[in-house]
Amino acid sequence: YIGGYLNACYNCIDRHVLAGKGDKVALIHDSPMTNTVRKVTYQELYDKVSSLAGGLRQLGVQKGDRVVIYMPLIPEVVMAMLATVRLGAIHSVVFGGFAASELCTRIEHAEPKVVIAADCGVEPNKIIPYLDILHDAIEMSSWKPVCNVIFQRANVLQSPTDPKTDILWEKVMTLGEKAECVPVEASDPLYILYTSGTTDKPKGVQRPTGGHLVTLAYTCTSIYGIQPDDVWWAASDLGWVVGHSYICYAPLLHGCTSVMYEGKPDRTPDPGQYFRIIEQHKVNAIFSVPTAFRVIRRVDPEIKCGSKYSLKSLRTIFIAGEHCDLETKLWMENVFKVPVLNHWWQTETGSAITATCLGYNHSLNPPKFTTGLPYVGYEVEVLLPDGSHAEPNELGRIAIKLPLPPGNMSNLYKNPDLFDKIYFRKYPGYYDTMDAGYKDESGYIFVTARDDDVINVAGHRISTSSLEDAVLRHPDVGDAAVFGVPEPTKGEVPLCLYVTKNDVTKPSNKLSVELIKIIREVIGPIAAFRLVARVQALPRTRSGKS
């Protein structure tokens with residue numbers, strides 16, 4: 001796309017309004033946290049985004065500048081993203097609620113002209129003081145933005161601002177004339193997204209504009225089977241890559257309606273919320289992590305809270321982000337009565353590497369555990385440590401033959417040496433996914449774990465996800481995590497922590513014996529599976545992974 005020019009905001013909003021679709025609902029914000037449902041049309045989105053962009057321009061934001069966005073899952077975060085790229089600037093969204101030190105690291109690395117933030121976020125039983133966290137982060141940061149644009153969530157909290165550093169969102173909206181879209185080269189950055197675990201060397205994934213937009217628009221129909229009149233729900237957050245690609249950009253490019261759910265699967269206020277949203281908003285397809293459904297299954301396996309809602313609008317559920325055990329998948333298919341399709345991608349790729357594609361008429365009953373077939377443009381191989389190709393069904397490191405298709409990251413921001421070292425040096429001529437898995441005789445890909453989640457037990461390489469899947473077959477187990485711990489004789493052995501479903505009264509020692517028996521039957525004695533402990537809950541990353 002070298003030499004081509006475009007603007008992401010124009011393609012997400014302006015062209016739909018110009019086509020007479022301004023009254024169509026673009027975003028549905030459903031927040032049981034604040035007991036509100038808000039619908040934003042494409043016309044309202046155009047009016048507010050262009051006004052915000054005009055105000056940002058008056059604050060000095062111009063093409064190539066960075067803007068850090070620190071907000072919860074509300075429509076204003078989408079507006080902030082689109083207003084930034086409307087000016088040809090580059091946004092970097094930080095997951096709302098990250099601690100001040102994490103936010104500081106990203107501010108120092110991105111060096112934003114301004115920061116756009118909400119004053120607070122809402123979690124069950126508590127309010128997260130975003131503005132206090134932001135002030136602390138900037139206080140400790142060596143880089144100082146020109147100002148902070150603050151959106152006050154007046155129905156939740158009215159936070160005191162600092163007149164020296166803060167300017168209210170409403171005032172920025174009136175600072176200048178509505179801004180027109182600034183064309184950028186197709187290879188110019190759309191955004192920078194820092195991967196979780198950023199430490200002294202931030203990994204800021206830099207996404208090119210043109211290839212990414214083309215890919216996202218194409219995946220709407222080719223993978224997800226979504227039409228412009230459909231209602232699409234990606235149950236994620238804008239702080240993660242799924243939110244960037246499939247809450248904001250893809251559905252708006254496609255001209256459909258995107259649901260933003262500010263709540264939990266089970267506690268806001270009950271495990272019937274996913275079912276309510278499907279009925280109330282006539283959702284046609286869902287994209288979520290398997291953990292959300294495991295949580296619902298654990299607390300309400302008989303669907304007492306959800307059974308009163310109609311699911312007739314729903315056609316498909318797509319899952320990604322972590323391994324999905326067979327028991328959860330079968331439960332989902334039985335409860336929702338639609339195909340549950342696993343697919344695999346990474347922050348670095350921005351969209352699917354492998355998938356079961358509705359637009360290509362792939363079989364809706366692929367082999368169990370597969371993440372699908374390689375998507376168009378991807379030549380996926382499984383390599384052994386010496387770089388040779390694995391045999392069919394042989395576990396190895398998944399790599400992608402170069403060149404990568406459009407939409408993948410173009411670099412790590414301000415760190416090209418790390419970009420080359422991490423992704424391309426281990427297997428010359430390939431992109432190293434750092435995921436482990438295998439390919440069957442038909443070309444289906446099976447992603448078993450991150451490669452560092454493969455444990456070596458007395459020379460036997462065993463995927464922790466295969467052990468977790470076996471543990472989750474037990475009818476009393478609702479969630480589980482398996483990881484390797486050092487052992488003097490075997491090198492490593494698995495340790496399993498598990499959470500039972502509600503109302504399970506069986507003694508822990510009896511449950512542990514039963515789980516050990518299951519592993520011996522399913523995996524075999526080579527797993528050396530003896531360390532098992534029952535816990536109240538498992539720690540999760542902010543994206544829901546254990």
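Which residue forms a salt bridge with Lys510? The close-ups below take that up, along with other charged pairs. This is a predicted model, with residues numbered from 1 along each chain as its sequence is written. Local features need pLDDT of at least 70, side-chain atom pairs count only at pLDDT 80 or more, totals for chains, interfaces and linings use all residues, and side-chain values use heavy atoms, leaving out hydrogens and water.

**View A. Lys510 and Glu514 pair up in helix 14.** The partner is Glu514, with the closest N and O atoms 3.6 Å apart. That counts as a salt bridge (a side-chain nitrogen of Lys or Arg within 4 Å of a carboxyl oxygen of Asp or Glu). Helices here are DSSP runs of H or I, at least four residues, and strands are runs of E, at least two, numbered from the N terminus. Lys510 is partly exposed, at 45% relative accessible area (buried is under 20%, exposed over 50%, partly exposed in between, with a 1.4 Å probe and protein chains only).

View B. Elsewhere, salt bridges that share partners tie Arg38, Glu44, Lys48 and Glu76 into one network.

**View C. Lys264 meets Glu123 in a salt bridge.** The N to O distance is 3.0 Å. This pair links distant parts of the chain, 141 residues apart: Lys264 lies in the loop between strand 15 (257–261) and helix 9 (273–281), Glu123 in strand 7 (residues 121–123). Lys264 is partly exposed at 23%, and so is Glu123 at 29%.
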